[in-house]
Amino acid sequence: MLITNHVLVGAWLGALSPSPRAAFAAGVASHVACDLAPHWNVPCEHFLRVARIDGIAGLGMIGAALAAAPTGARSRVLAGITGACVPDLDKLGNHFLGRSPYPAWLDGVHARIQNEIPGAFGLEVGYAVASAALLGWLRAVGGRPTGRSAAQTRIGAGHGHKAAVPRRAVLLVVPRSRSFRRR
Ligand SMILES: [Zn+2]
């Protein structure tokens with residue numbers, strides 16, 4: 001599957017995960033699931049050109065996903081993206097260094113699980129649109145609610161001051177309620 005789609009899937013899984021560690025694991029699992037899902041078989045003669053465009057688009061998506069992620073979810077989104085992309089380091093290693101960073105048996109498994117369909121570029125576009133829409137929805141709702149910080153994340157989503165509102169609220173509420181009790 002195109003790396004742009006691995007990035008998008010990793011991003012929304014990261015936003016939904018409870019921690020960066022869980023996001024990374026979910027990202028790696030998503031890479032396997034995406035490679036098992038039917039996807040475009042890039043024609044050999046266009047492989048490098050598509051890989052370059054895909055790489056640039058993927059980097060753009062990483063930037064966009066991190067910029068769009070609520071502040072409290074950013075590390076999880078980054079961990080999800082990292083997990084989703086790290087299995088494809090064999091492609092970068094083979095192209096730039098002449099060798100994969102992974103053992104040959106693992107690269108063999110990776111190659112065998114591909115469910116590639118010639119001419120199915122539309123499938124990749126569909127996955128990208130669905131993932132981007134899900135990511136947009138997660139931004140709208142402020143990412144995954146995680147305990148105490150969830151309210152802060154929701155309040156601060158998109159405004160870059162998630163901690164300021166709850167702290168101010170506490171400062172205003174606590175002294176008044178204490179003095180009320182003393183009377
Ligand atoms: Zn792969």
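The axes of α1 and α4 come within 7 Å of each other and cross at roughly 140°, where an axis is a line fitted to C-alpha atoms over the stretch in contact and the angle, from 0 to 180 degrees, is taken between N-to-C directions. This is a predicted model, in which local features need pLDDT of at least 70 and side-chain atom pairs count only at pLDDT 80 or more, while totals for chains, interfaces and linings use all residues. Residues are numbered from 1 along each chain as its sequence is written.

**α1 with α4**
- The helices α1 and α4 are therefore oblique to each other, since angles under 35 degrees count as roughly parallel, over 145 as roughly antiparallel, 65 to 115 as roughly perpendicular and the rest as oblique.
- The contact, which requires C-beta atoms placed from the backbone to lie within 7 Å, involves residues of α1 including Ile3, His6 and Val7, and residues of α4 including Arg76, Val77 and Leu78.
- By class, the contact of α1 with α4 has twelve nonpolar, five polar and one charged residues, where Ala, Val, Leu, Ile, Met, Phe, Trp, Tyr, Cys and Pro count as nonpolar, Asp, Glu, Lys and Arg as charged, and the others, Gly among them, as polar.

**Helix α4 itself**
- Helix α4 covers residues 74-85, twelve in number, and reaches 17 Å from its first C-alpha to its last, close to the 16 Å expected at 1.5 Å a residue, the expected span being 1.5 Å times one less than the number of residues.
- Among the buried residues of α4 are Val77, Leu78 and Ile81, where buried asks for 20 or more other C-beta atoms within 10 Å of the residue's own.
- The cover over these buried residues includes α1 (3-16), α2 (20-36) and α3 (47-68).

**α3 with α4**
- The helices α3 and α4 pack at an angle of about 155°, with their axes 9 Å apart, and they are therefore roughly antiparallel to each other.
- Ile62, Ala65 and Leu66 of α3 make this contact with Arg74, Val77, Leu78 and Ile81 of α4, and the residues divide into six nonpolar, no polar and one charged.

**α1 with α7**
- α1 packs against helix α7 (residues 121-141) at an angle of about 25°, with their axes 9 Å apart, and that makes α1 roughly parallel to α7.
- The crossing of α1 and α7 is left-handed.

How values were computed:
Helix = DSSP H or I, 4+ residues; strand = E, 2+ residues; numbered from the N terminus. Buried ≥ 20, exposed ≤ 12 C-beta atoms within 10 Å, placed from the backbone. Contact = placed C-beta atoms within 7 Å. Left-handed = near helix turned anticlockwise from the far one by under 90°.
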